[in-house]
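Please open the model in your viewer and keep the selection tool at hand. The stops below follow one another along the chain, with a word on what to look for at each.

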Amino acid sequence: MAAVRGTPPPGPALPGVALPGVDPLGDPFLRTRFVPPARPATFLRRERLAEHLGQALHTPLTVVEGCAGAGKTLLVADWADRLGRPVAWLTLDAAIQGPGMFWAHFLQALRAAGVPLPTGTGTGTGTGIGTDAPAVTDPLATDPPTRSGRAAAGDHTLPARLAAELGGLDRPVTVVIDEFDRMTAPETARQLEFVLHHGGAGLRLVLVTRTEPLLPLHRYRLAGQITEIRDAELAFTPDEAVTLLALHGLDLPAAAAGDLVERTRGWAAGLRLSAMAAVLSPDPELYLKEFEAGSGTIADFLLAEVLERQPPRTQDLLLRVSLLDRFHPDLADALTGRRDAAGILAGLLHDNAFVEDFGHGWYGLHPLFREILRAHLRRRSPGLERQLHRRAARWLRQSGALPETLAQGAAAGDWTFAARALVDDLAIGQLFSGPRSDELEALFAGLGAETPGPAADLVRAARDLARHDLDRGLAHLRHAEERLTTDARDTAARLGCALLTALAARLSGSPHQAEQAARTASDLLRTAPARLLDEHPEFLALLRTHLGSSRLWAGHVDEAQAALTAVTRGPGVAATALPRRDALEHLALIDCLDGRPGRAERGIRAATAAAEGHGPSVPAGTGLGRVVLAAVALERGENARAEALLRRPPGTPDADQDRGPHQDREPNPARQPNPESDPVTAAARRLATARLLLAQGRVRAALATAEQVVPAAEDSPWAQTHAALVVSAARLAEGDPEAAAEALRAVAGDQPVVRVGAARVHLAAGDPAEALRLLDGLPGRGAGPAVSVRAALLRARAAKLDGDLDAVHRLLGRALREAGPEQLRRPFLEAGPWIAPFLATAPLRMLATGWLVTGATAGARPEPPRGLTGPTGLTGPPVEPLLEPLSARERDVLSRLARTMSTEEIAADLYVSVNTVKTHLKSAYRKLSVHRRNDAVRRARDLGLL
């Protein structure tokens, strides 16, 4: 394109080079409008954005849109500087209004970049566009020809001629227009789109803007002719933030940078300003974690660049909604007392003014912007905050948004309203279960004793009972009952009272009180709104769980199973995760008491999965699952595992499995349950501990533990029965069959487990006939394998005493076949050393090898566990058998371990790597059920492996 005759030759936009001509108002062109800004020394070039922006060379239109301070301009300026070719740059401002002013500056940007101009489109004297031209109305202009806003006079065919000239270029011209959001004249935008469309491949237009440009973007999108970079892509990633902070001289861990990115949402200006302030702090990491957004440079930036650029009504709305995490236009109207929120919010969202669209008509503010506005509201309108919280709470209550209702009511200090909302919504059970229990506990921490009303009393009672403070909880509960009326409007409160009564009855061991509470709740549920029950399934789940636990304590096993099973068949949502786990653990305990350890273990696995499926939102339980697993481990002869489970503190996983990421969270000490506060759990723990002590040969300690009384309002038949069985076994271990028989006389003798225990006593007392009579009365079905295996072993012992060896082999074979799938070793260890010779015979050896006795090489006899062959029998601690035999290499490693060789020395001695030695040790530890080298050596010696 040749230079136009009579016009000054084009020149590059270099510092110190004067730009010729004046604008249509007669003012000199300002050089700063035509040069990109300089990048600071701490500017971070992000290659992912630079690569995306590189597509601008292949599409006619590029839009870089983001909020103030998102890093748009510096991104494009850096890209343009590295492009290796001239780029025309134009920064718009409020003075560039109307087509005349715009096109004059557009052409001057081309001139500054060294782009020749088409004939008749130059600037300055004689060009037809400068102020020397006749003062005639420009058909391209929308401004009147006045000094304050006069349009440029000239040829109205300028866009067409410019488009034609650009379309004829061999190489496209790249034009960047920064702050394009200041372009508010539709006619100017229409003319620019005309030039872009008809300029064809001759123009590459890059628009940097805070808002959606006034161009038909949909056409370019459909044609695939647009490159777009939006706010979300401009946000810094945690890795990019680490690098940016390093450029500011801050060497911070990735976690700290990630927290800052989360708080700022990756906002570039927020990160830079935070880094600049942190550098001046004595503890930068602490500053970035705890800085107050309401003051300092970030607040100054957002107040000046966002809030103060808005009209007064918009400022007022933003300040008021800053008290909310999310808001609806109707809620915003309730806070302002006006009816204009919908339009204002839509405009703010369009303008990228730190307003976020949450969908379904709900909005939110950028977190930092929200913090700053809240602080500004407190300074500007003291006392207004509480009033706004109260208005929001009332509006949210009508809309059915309970969590926000409670939060706003608490923020307003209106505890009567907040407590009533929780109780009326049948949501009081959420204080115990579901993802919001800790949150609600913290929210109602400000509920004082002076707040009146039955709803407040119920919330206080619920908080105390959730902490297992039975005395205080019952006092508040009685106070609530005194204030409640029979008015139908109090149905929800009376239901809440029934739920808490059932919980208190469970914790106090009062089944009759729990049954009465359940009957009361059943009557009230007939008139309760079905919608509330659907929205709060945890209410019925908790009620049934408390009732099932109480029924189990009372010994009504069938009724307990019915109530607990109903919980497991209910909706498996986060709100019901705790009662589902609780119910499954109780059902597993029933299986364990019935002698079904395998099924009990599967029940605990299901209970653990029910809780883990909802992550860290499920509060810690009573620890019953760990107690059941300990009882299962005892039946399998795994004393070490049982002891570890019984010693494990509350809040840790029930199952022996890898910890998920959510399981490493810190538990809330205020909500950790006391394992002894639930009678069912306390009794189960006492029994498992006593059995463990007995298996370890600590008979006196086992007796003392079994005879401990669990505090409860009513006695539990099953707890008494199983405690008597432990006492009887301990007396037998002491060699006192009479005392053993006496221990069983006080319990019902028709239960299978009691009959087996009594038969064992009679056999030890030398009365095999009575023992067999008791065993003959066992039901054909109903007793679990742990019971039936013991019965078969007792029959085998009686047959041996009678000299019927065929019957002994037959009965031992039956016991082994039934015990094998369940890995039931404890019954064989309890039976005594008389079994060992029989297990060495070929038929029985096949059934026992691999799980009860260690494997044997061809032609050799298997080695039974020491507990089956030792001289002490039940009076000494039996050695636990191996789950599976050690490999030859594992034995080699263990033998060197016994010589106190280090891991490195063992590796050198065996010519293997250290990692290989560690692998063998890990496998050997697992098989030996130990965790330390000394324990491994000791156990290997006890088993005769060393």
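Helices (DSSP runs of H or I, at least four residues) are numbered from the N terminus, as are strands (runs of E, at least two residues). Residues are numbered from 1 along each chain as its sequence is written. The model is predicted, so that local features need pLDDT of at least 70 and side-chain atom pairs count only at pLDDT 80 or more, while totals for chains, interfaces and linings use all residues, and side-chain values use heavy atoms, with hydrogens and water left out.

Begin by selecting helix H21 (residues 454-466) and helix H23 (residues 491-508), which pack at an angle of about 25 degrees with their axes 11 Å apart; axes are lines fitted to C-alpha atoms, for helices over the stretch in contact, and angles run from 0 to 180 degrees between N-to-C directions. H21 and H23 are therefore roughly parallel to each other, a label for angles under 35 degrees, with over 145 counted as roughly antiparallel, 65 to 115 as roughly perpendicular and the rest as oblique. Show the side chains where Leu 458, Ala 461, Ala 462 and Leu 465 in H21 meet residues of H23 including Gly 496, Cys 497 and Leu 500, contact meaning heavy atoms within 4.5 Å.

Next select helix H24 (residues 511-525) with helix H26 (residues 538-554), whose axes lie 9 Å apart at an angle of about 150 degrees. H24 and H26 are therefore roughly antiparallel to each other. Among the residues in contact are Pro 511 and Glu 515 of H24 and Phe 539, Arg 551 and Trp 553 of H26; by class, this contact has 11 nonpolar, 1 polar and 2 charged residues.

Finish with helix H34 (residues 717-733) and helix H35 (residues 737-745), whose axes come within 7 Å and cross at roughly 175 degrees. That makes H34 roughly antiparallel to H35. Here Ser 728 and Arg 731 are among the H34 residues that meet H35, where Pro 737 and Leu 744 are among the partners, and the contact has 9 nonpolar, 1 polar and 1 charged residues.

Conventions: Ala, Val, Leu, Ile, Met, Phe, Trp, Tyr, Cys and Pro count as nonpolar, Asp, Glu, Lys and Arg as charged, and the others, Gly among them, as polar.
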